[in-house]
Amino acid sequence: MSTSLPGNRELPESQYDLSTYWGRVRQTATITDPSTLFAGKHGLEQAKKLVVAYKQGELKDMTPELWQAKKVVDSTIHPDTGEPVFLPFRMSCFVLSNLVVTAGMLTPGLKTTGTVLWQITNQSLNVAINYSNANKSTPLSYSKIAQSYCLAVGASCSVAVGLNSIVSRLKRFSPSTKLVLGRLVPFAAVASANLVNVFLMRGEEIRTGIDVFPVLSESDKAKLAKEGKAESEVPSLGKSKKAATLAVGETALSRVFNSSPIMVVPPLVLVRLQRTEWLKKNPRYTLPINLGLILGMSYLVLPFALAAFPQRQKIRADSLEEEFHGRGGDGGMVVFNRGI
């Protein structure tokens, strides 16, 4: 994000009001815009130069070009490390990276081996995305990553295989009902696995805490600017386990909000379409229609799911551990990076 670049004059956080849900949806839509993927290394460097020029006072006002540069930087650079997130694991590539996996998991008639293989693929991608976009104030060792990966894959595969076996035993239901239930099996597996995956991949944050910072007032910001310091140079108040639990919990819920419509709506719509005479006569179009439904629903849902909670979360210092009581900034508040 732009806050990780050098300069003591911060850019406006957003063009939109992030205190409102709709404002966060519009902001998230810019971060998840896949067009930023085409910026490339050269485009990112140019965007960084523009942002740094503003932060160092060389540019006086926000312009459309500067807003576009901030968009590229915010969608590419991790706010804690200042390094680019690997392209397939960026939120702007989230839909495209998940499309093949989601389509595979919704393939009707998957046997046990197919279900397990797609769950392994899905959880491998989830591990990479959760790790790449997590709060980085608490480093995760390779052994912890491996442990979390194995646990998440085991949990999701168990749920998927178990539900598949239950559906196949529902003798008293009609074939069409069994078909619908079979299409919904991936949703139950994905929703539960996403929860497990986030908590396991970011469990170390809950155990050790994440950095929290005082919320700065306008006078605080002006004082820093006079001293030639950036807001990012303000030291952490310490690591809070309660803030970490909130951050991880909200991220896990946002993953469920995101997966629910994608795993439910397209398969049910497809079941309906498969009853039409046109698709019965043209079954070769079933797969492309399925992929189109998944793609469209994914792009529609993602900003709404990620915007359910602010990425930079503000909370009263007195609601955290005792060591933070009375140490909040403006209005007694502290702020932390929730991750995304």
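Helices α2 and α3 pack at an angle of about 115°, their axes lying 8 Å apart. Axes here are lines fitted to C-alpha atoms, for helices over the stretch in contact, and angles run from 0 to 180 degrees between N-to-C directions. Helices (H or I, at least four residues) and strands (E, at least two) are DSSP runs numbered from the N terminus. The model is predicted: local features need pLDDT of at least 70, side-chain atom pairs count only at pLDDT 80 or more, and totals for chains, interfaces and linings use all residues. Residues are numbered from 1 along each chain as its sequence is written, and side-chain values use heavy atoms, with hydrogens and water left out.

The α2 and α3 crossing is left-handed. A crossing is left-handed if the near helix is turned anticlockwise from the far one by less than a right angle, and right-handed if clockwise. On the α2 side, the contact involves Leu44, Ala47, Lys48, Leu50, Val51 and Tyr54. These meet Glu65, Leu66, Ala69, Lys70, Val72, Val73 and Thr76 of α3. Contact means heavy atoms within 4.5 Å. By class, this contact has 9 nonpolar, 1 polar and 3 charged residues. Ala, Val, Leu, Ile, Met, Phe, Trp, Tyr, Cys and Pro count as nonpolar, Asp, Glu, Lys and Arg as charged, and the others, Gly among them, as polar.

Helix α3 covers residues 64-76. At 1.5 Å a residue, its 13 residues should span 18 Å; the end C-alpha atoms are 19 Å apart, which agrees. The expected span is 1.5 Å times one less than the number of residues. Helix α3 is mostly covered, with 10 of its 13 residues buried. Buried means under 20% relative accessible area, exposed over 50%, and partly exposed in between (1.4 Å probe, protein chains only). The buried set includes Trp67 and Val72, but also Lys70, Lys71 and Asp74. The buried residues of α3 pack against α1 (21-31) and α2 (40-55).

The crossing of α4 and α5 is left-handed. Helix α4 contributes Phe94, Ser97, Asn98, Val100, Val101, Gly104 and Met105 to the contact. Helix α5 contributes Trp118, Gln119, Thr121, Asn122, Leu125, Asn126 and Ile129. The contact divides into 7 nonpolar, 7 polar and no charged residues.

The 12 residues of α4 should span 16 Å at 1.5 Å a residue, and the end C-alpha atoms are 16 Å apart, which agrees. Helix α4 is mostly covered: 10 of its 12 residues are buried. Among them are Phe94, Leu99, Val101 and Met105.

Two single residues were also examined. Val212 lies in strand β1 (residues 210-214). Val212 is buried, at 0% relative accessible area. Leaving aside neighbours within four places in sequence, its contacts include Leu237, Leu320, Phe324, Val334 and Phe336. The C-alpha atoms of Val212 and Ala244 are 9.4 Å apart, across 32 residues of chain.

Thr208 belongs to helix α8 (residues 203-208). Thr208 is partly exposed, with a relative accessible area of 35%. With the neighbours within four places in sequence left aside, Thr208 is in contact with Thr138, Lys239 and Lys241. A separation of 10.0 Å is found between the C-alpha atoms of Thr208 and Lys242, 34 residues apart along the chain.
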